[in-house]
Amino acid sequence: MNSFSYPNYELFAGPIADSDSDVAKLLAVKFVLELFCETSWFGKVGLLVEVDSQVVLNWFSSPFTRPWRWWPQLIAIDLLTKRIGKVDFSLVDRQWNALAYGLSRDGALRASFFKAWW
């Protein structure tokens, strides 16, 4: 039996559209969670992840809004957040998050991800 309880949501007739930028943000969040698990902060502090897409935040908060094609990535994010323990997601305006926007834009052009250690 699944221990996760779904709140009551109205079902909508028709698919929920996603864009390439939403998918890129979804994959970036997954990457950030994986990276955080490898740092020395893992297990000591919580994590705040700022996202500038309400669509992506809806995917995290409501399983009923999740596109089927991204379900494996969203399940992986669910497992990572459970592993970390305390993860909060918040909506941030893209204008106030210029550094992250620039990194995500430049990262989308890369053939592969890289990890930085400090």
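This is a predicted model: local features need pLDDT of at least 70, side-chain atom pairs count only at pLDDT 80 or more; totals for chains, interfaces and linings use all residues.

Modeller: Helices (H or I, at least four residues) and strands (E, at least two) are DSSP runs, numbered from the N terminus. Lys 25 sits in one such run, helix H1.

Residues are numbered from 1 along each chain as its sequence is written, and side-chain values use heavy atoms, with hydrogens and water left out.

Four helices and two strands make up the protein's elements. Along the sequence they run α-β-α-α-β-α. Of the 118 residues in the protein, 31% are buried (under 20% relative accessible area; exposed is over 50%, partly exposed in between; 1.4 Å probe, protein chains only). Take the contacts (heavy atoms within 4.5 Å) between residues at least 6 apart in sequence. Of these, 76% join residues at least 24 apart.

Now the helix itself. H1 covers residues 20–37. Start with Lys 25. Lys 25 has a relative accessible area of 17%, so it counts as buried.

Val 32 is another member of H1. Val 32 is partly exposed, because its relative accessibility is 37%. From C-alpha to C-alpha, Val 32 and Val 49 are 8.4 Å apart, with a sequence separation of 17 residues.

Next, the neighbours. One is helix H2, residues 54–61. H1 and H2 pack at an angle of about 50 degrees, and their axes are 9 Å apart. (Axes are lines fitted to C-alpha atoms, for helices over the stretch in contact; angles run from 0 to 180 degrees between N-to-C directions.) H1 is therefore oblique to H2. (Under 35 degrees counts as roughly parallel, over 145 as roughly antiparallel, 65 to 115 as roughly perpendicular, the rest as oblique.) H1 brings Asp 22, Lys 25, Leu 26 and Val 29 to this contact. H2 answers with Val 55, Val 56, Trp 59 and Phe 60. By type, the contact residues are six nonpolar, no polar and two charged. (Nonpolar: Ala, Val, Leu, Ile, Met, Phe, Trp, Tyr, Cys and Pro; charged: Asp, Glu, Lys and Arg; polar: the others, Gly among them.)

Stay with H2 for a moment. Its buried residues are Val 56, Leu 57, Trp 59 and Phe 60. These buried residues of H2 pack against H1, but also against strand E1 (47–51), helix H3 (71–84) and strand E2 (87–91).

H3 is a neighbour of H1 too. The axes of H1 and H3 come within 10 Å, crossing at roughly 30 degrees. H1 is therefore roughly parallel to H3. On the H1 side, the residues are Leu 26, Leu 27, Val 29, Lys 30, Leu 33, Glu 34, Phe 36 and Cys 37. On the H3 side, they are Gln 73, Leu 74, Ala 76, Ile 77, Leu 80, Thr 81, Arg 83 and Ile 84. Eleven residues of this contact are nonpolar, two are polar and three are charged.
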